[in-house]
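Subject: Structure for your review

Hello,

The sequence and structure are below. My notes on the two ligands follow.

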Amino acid sequence: MFKIMAPAKINLSLEVLGKRPDGYHNIKSVVQTIGLADELDFSPAAELDFSADMPGWDGEKSLISRAARLLKSRYDIDAGARVRLKKRIPLMSGLGGDSSCAAAALKGFNRLWRLGIGKGQLMEIGAELGSDVPFFFFGGTALIEGRGELVTPLGPYPAGWAVIVIPRVDAEGDKTGWLYGNLNAKDFSDGSRTEELVEALVQNQPVEPALLGNAFDRVTTLVWPEIQECRWQMLKAGAIRVYLSGAGPALYSLHRNKAEADKVFRVLRHGGVEVYLAGVGGLRMTREREVSSLSLRELPQ
Ligand SMILES: C[C@](O)(CO)[C@H](O)COP(=O)(O)OP(=O)(O)OC[C@H]1O[C@@H](n2ccc(N)nc2=O)[C@H](O)[C@@H]1O
Ligand SMILES: Nc1ncnc2c1ncn2[C@@H]1O[C@H](COP(=O)(O)OP(=O)(O)OP(=O)(O)O)[C@@H](O)[C@H]1O
């Protein structure tokens with residue numbers, strides 16, 4: 001019937017400003033979709049029927065099924081749907097895979113059941129499913145704020161390549177919530193580094209690597225000592241700087257040309273590391289410039 005791609009994301013900057021009364025944290029983060037993506041294949045069915053080609057993937061645990069149930073109850077839908085998922089993004093890795101699938105699912109069910117829901121409303125429903133979900137209705141390069149539901153599209157990040165390594169750690173349950181809960185005042189910052197990065201992107205200026213960084217660096221290194229070993233392996237393979245994505249454990253390095261990225265990728269793959277090579281930046285994943293009701297910020301002129 002039809003397919004929808006669900007790209008992974010990396011956090012180029014991720015600053016946590018502090019804890020909110022509702023238990024979430026205010027953040028400022030420049031997020032970027034990358035060429036590593038899942039693929040959702042939708043077709044009509046009498047009941048809900050979800051499956052994936054990844055062993056251990058459980059439809060009932062995925063936000064895809066929560067998205068379906070939420071729309072069915074809110075819009076009084078009797079119809080079902082069959083979704084076949086080609087899963088490429090490692091789960092619970094910091095690459096936002098299930099969050100991206102949730103956004104793709106909302107788009108797909110909206111189309112399959114002819115609900116006619118606008119993008120802004122879909123983003124608000126997405127925000128009920130998870131803080132990373134609204135961003136995926138824009139993709140490309142964007143600033144996310146609030147708990148992640150305020151999305152401001154930005155000029156494209158300079159086109160390049162990312163080498164992504166997934167350290168072998170036991171990330172399970174609500175690892176993101178647990179890691180947020182283990183942040184403390186020294187992990188918090190005021191968002192100014194991310195504002196500088198936004199300014200560079202909006203003004204199409206070169207991006208200083210020092211502007212990239214992640215508030216979860218300290219706590220993830222404490223919880224998962226394997227991360228340090230992976231960082232060293234990436235540096236030894238030729239990466240200049242290694243960054244953490246989301247709440248981890250995924251690590252990535254950025255490269256302007258493919259040949260350099262490919263060399264690092266091959267060395268790591270030969271070393272038995274779970275490693276991916278993906279395009280970064282350049283094109284915007286979506287063409288729409290519609291700014292949703294959730295994107296309240298004005299870009300610096
Ligand atoms: C780390 C990031 O991936 C950065 O992009 C996101 O902030 C996390 O987004 P996410 O995985 O969609 O997170 P959610 O599923 O909404 O929240 C999981 C748990 O993480 C914590 N959480 C999440 C987002 C946020 N801004 N503050 C939080 O404290 C909350 O305890 C929440 O119960
Ligand atoms: N076995 C499973 N099958 C399908 N979905 C799962 C499974 N285990 C967990 N999930 C879903 O995946 C979500 C987390 O995966 P996701 O890939 O979005 O997070 P992430 O990569 O850690 O992103 P980030 O760290 O950036 O928030 C869980 O909240 C849960 O909804």
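How many nonpolar, polar and charged residues does the shell around ligand 2 have? By class, that shell has six nonpolar, eight polar and six charged residues. Here Ala, Val, Leu, Ile, Met, Phe, Trp, Tyr, Cys and Pro count as nonpolar, Asp, Glu, Lys and Arg as charged, and the others, Gly among them, as polar.

This is a predicted model, in which local features need pLDDT of at least 70 and side-chain atom pairs count only at pLDDT 80 or more, while totals for chains, interfaces and linings use all residues. Residues are numbered from 1 along each chain as its sequence is written, chains are lettered from A and ligands numbered from 1 in the order in which they are written, and side-chain values use heavy atoms, with hydrogens and water left out.

Ligand 2

Ligand 2 is surrounded by 20 residues, and the closest are Lys9, Asp58, Lys61, Gly94 and Lys175 (near means a heavy atom within 4 Å). A side-chain N or O atom of Lys9 is 2.6 Å from an oxygen atom of the ligand; a polar contact is a pair of N or O atoms within 3.5 Å. From the backbone, an N or O atom of Gly97 lies 3.2 Å from an oxygen atom of ligand 2, and a polar atom of Ser99 is also 3.2 Å from an oxygen atom of ligand 2. Helix 2 and helix 4 each give two or more residues to this shell, and helix 2 gives the most, with three (helices are DSSP runs of H or I, at least four residues; strands are runs of E, at least two).

Ligand 1

Around ligand 1 there are 16 residues, of which His25, Ser131, Asp132, Arg147 and Tyr180 come nearest. Polar side-chain atoms lie 2.7 Å from a ligand oxygen atom in the case of Ser131 and 2.6 Å in the case of Asp132. Arg147 has a backbone N or O atom 3.0 Å from a nitrogen atom of ligand 1. Strand 1 (2–19), strand 2 (25–43) and helix 4 (175–181) each supply at least two residues of the shell, with the largest share, three residues, coming from helix 4. This shell divides into four nonpolar, eight polar and four charged residues.

UniProt record

An unreviewed UniProt entry lists a "binding site" that includes Pro90, Gly94, Gly96 and Ser100; such annotations may be inferred rather than shown by experiment. Gly96 is placed in the loop between strand 4 (81–86) and helix 2 (97–112).

Regards

Conventions: A polar contact is a pair of N or O atoms within 3.5 Å; within protein, one must be able to donate a hydrogen and the other to accept it, and residues adjacent in sequence count only if both atoms are side-chain atoms.
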